[in-house]
Amino acid sequence: MDKNLKQFNMMVTGIGGQGLITILQIISEAALNEGYDIKTSELHGLSQRGGSVEVYIRFGKKVYSPLIPQGKADLVIGMEDQEALKGIYFANSKTTFLVNKNIVPIPLKKPLKEKEILRDLKKISKKIFLIPAKDICKEKLGTDVVSGIYLLSWAVFKKIIPLEPSSILKAIKKIIPVKHLELNVRTFHFAQEP
Amino acid sequence: MKELLFNKPGEKLILLGNEAICRGALEAGVQFVSTYPGTPASEIGNIFFDLTKNKNGKGLYFEFSTNEKVAMEAGMGASFSGLKTLVAMKNFGLNVAIDSLLPFVYSGTKGPTVIIVADDPSCHSSAQSEENTRPIAYLGHIPILEPSDPQECKDFVKAGFKLSEQFKIPVIIRTTTRVAHQKMPVRLDKMVRSNKKIIGKFVKNPKQFITLPPRVLEMKKELLEKIEKIRDFSEKSPLNKIEKTSNSSKIGIITSGISYLYTKEALAEFNVSFPVLKLGFFYPLPETKIKSFIKGFKKVLVIEELEPFLENEIERLAKEANCKLEVIGKKLITEIGEMRPEFVFSAVAKLANKKYSLPKNIQVSVPKRLPQLCPGCPYWSVISAVKKAVDPDKVIFGGEIGCYMLFGNPPVNMQDYLFCMGSSMGIGHGIKKATGQKLIAFIGDSSFFHSGIPALINTVFNKSNPLVIILNNETTAMTGHQPHPASVGSETGIKIEDLVRACGVKNVKTLNPVNQEEMIKTVKNFLSKKDVSVIIAKHPCIFVAKK
């Protein structure tokens, strides 16, 4: 636990079914393990059916609101590039964007181009990491379902999320069901490689 | 089994608001739980369902009822028999249950009873309206408590049972999406669970349980007296708390529920210390406490989500306590959509004369990604067959509440009206009577049991001829695959086709929509019939089929 950390605000954007709530559970469990206060917010129900999803995770000495106030996000993880744009409302010039190189088209709409998305994100912050998590996971781990775990572990090893890697690993072991655990632990370790 | 169901007093566990509600009920020793699923309250039923699977009757009874009114009535029966009872639903469910609830408040409880009602400001998971449950308190004289976070969800449920026990009245705990779907570490206390078979006893007492006049007016009088006693209780209750650092402030804040958390956040952000009155009771309000709180102020900011019910009450109380007081609320904060921390920041900054500067406003176009039916959903087959069978421009399509309300989204665009559960046939009947235009009313299997049957009988009774397509995916899919009377694995033996025939419908066919040819032929054939016809398009939801 970092005693000087007042608060860390992160948001994960994506599409229903991309495992956003699992990321939320792992981060909050790890933060609890380190002794932080935590508040999160998520949505259930119809909003999950392949529509846009946003979850918020906040930890620190004392946290009241489950929603991140406008402009106060420290980190936005975008599981899909177009959805990452939702983070702009919550971002400021110091916000880190960690974006999965992954464009999922919306039916009947022309998808935005990667460079258009990056151009828009750069209007608010210069700290943008576009990571080909989907491709890396598919190629090296055999499936892209662990893209979220890869991104979150990557962020922890790079100290973008102020939590200890050991707390994250412990949380993964607690949250992920046994039959998928080995793959997720492998993903976690794999994210450490340069 | 979920960790929250283990007895670990003293430990802290990260819980969702709805999970904390279940834990609170278990710590209070709840014996009977009934519900009909609806987001954002659905997890409550799911947790009790998991807990009591194969073990009903030992210390705790749980059921998914056919609708919220039936759930309420089941809970009433249990309470009248002396059991500690919890009933849960979303806001629209309360509309269905209200006919039973209002006289229940008159009769009062025997076993303590808590009713959870979840509102959904911003309609994240709701069609039909941005309903605010609060005025049910004025309509029914029923106490309402409003927790802010999961810890309070647990504590307020326990407080609600105590209140109900002391005053023999049902108590509503009202949550909103950001409370019900908020997580935080919650401190656990001891669970009171017995493994003994629960046996209540109904003791005849017409004076309590028969709401006929003239007795019913006496009951109203007793209820109003009871509410004044509860108001005295509310005056002293720690659920209504004043947070004050100085006595000299000329500005105060009154708030409750989720808005309280945003208020705390705003005060810390601007480093101001306005006194705050946090109300846990929405009804009955601790009027004396409010009056003494506002006495010395020039201004009071009322921070509440949706309509200004609190603000109006404070205005009224200020006339007696401090007639020069400026009450500020909806002037600064919108009553449409959910409360957001930045709305509170902006209002607090204004009152504190502080500058609230947001990062530069960047306008980008974010493409709208609407929810879709899942790939492989059997409803896609229904859509495709109907589109082939009829000219969509010449047929009216009635929508309903369930996954199939997505029929309204592109590229399907097959929905010309959408209201509440059970209404596609009812409204369809009216349109048929008024116009004679061709009409197909869609309804789901769980909705059919919930409130579709009376509307179907009405089309037979009053002779109209819509084509009704019952989308039978053999589960309550949208809220998380809860069982219903004819879902996969049901032991009732109830068949939807038998029910439809029993309603007097002559043109009935059950078919698998994957069989496109038969489906198209039947839609064409039934749409030209002189009386009502029903297709039961039966194919399990892909998630049920997987299990």
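**Exercise 1. What should the twelve residues of helix α13 (residues 341-352) of chain B span at 1.5 Å a residue, and how far apart are the end C-alpha atoms?**

Solution. The structure is a predicted model, in which local features need pLDDT of at least 70, side-chain atom pairs count only at pLDDT 80 or more, and totals for chains, interfaces and linings use all residues. Residues are numbered from 1 along each chain as its sequence is written, while chains are lettered from A and ligands numbered from 1 in the order in which they are written.

Step 1. Helices (H or I, at least four residues) and strands (E, at least two) are DSSP runs, numbered from the N terminus. The expected span of a helix is 1.5 Å times one less than its number of residues.

Step 2. For α13(B) the rule gives 16 Å, and the end C-alpha atoms are 16 Å apart, so the two agree.

Step 3. A residue is buried if 20 or more other C-beta atoms lie within 10 Å of its own, exposed if 12 or fewer, and partly exposed in between, with C-beta atoms placed from the backbone. Buried residues of α13(B) include B:P341, B:F343 and B:V348.

Step 4. Contact means that the C-beta atoms of two residues, placed from the backbone, lie within 7 Å. The buried residues of α13(B) pack against α10 (257-270) and β13 (299-303) of chain B. After the helix comes B:N353, with a positive phi near 55°.

**Exercise 2. Find where the buried residues of helix α9 (residues 215-236) of chain B lie around its axis.**

Solution. Step 1. α9(B) has 22 residues and reaches 32 Å from first C-alpha to last, close to the 32 Å expected.

Step 1. Its buried residues are B:M219, B:I230 and B:S234.

Step 2. An α-helix has 3.6 residues a turn, so residues three or four places apart point the same way.

Step 3. The buried residues pack against α4 (91-107), α6 (150-167) and β12 (281-283) of chain B. The face turned away carries exposed residues, among them B:L217, B:E218 and B:K236.

**Exercise 3. Trace the open sheet of eight strands.**

Solution. Step 1. The order is β6(A)-β5(A)-β4(A)-β1(A)-β3(A)-β2(A)-β8(B)-β1(B), with mixed pairing. Two strands pair if DSSP finds at least two bridges between them.

Step 1. At the edges are β6 (128-131) of chain A and β1 (12-16) of chain B, each pairing on one side only. The twist averages 20° from one strand to the next.

Step 2. Strands β4 (residues 75-78) and β5 (residues 96-100) of chain A run parallel and are joined by four bridges. A:G78 has A:V99 as its bridge partner in β5(A).

**Exercise 4. How many residues does each chain bring to the contact?**

Solution. Step 1. Chain A brings 41 residues and chain B brings 36 residues.

Step 1. On the side of chain A that touches chain B, α1 and β2 of chain A are the elements that give two or more residues. β2(A) gives the most there, with four residues.

**Exercise 5. Is B:V460 buried or partly exposed?**

Solution. Step 1. B:V460 lies in helix α16 (residues 445-461) of chain B.

Step 1. B:V460 is partly exposed, because 16 other C-beta atoms lie within 10 Å.

Step 2. Not counting residues up to four places away in sequence, B:V460 touches B:C503, B:G504, B:V505 and B:V532.

Technical notes:
Axes are lines fitted to C-alpha atoms, for helices over the stretch in contact, and angles run from 0 to 180 degrees between N-to-C directions. The arc is that of the directions from the helix axis to the C-beta atoms.
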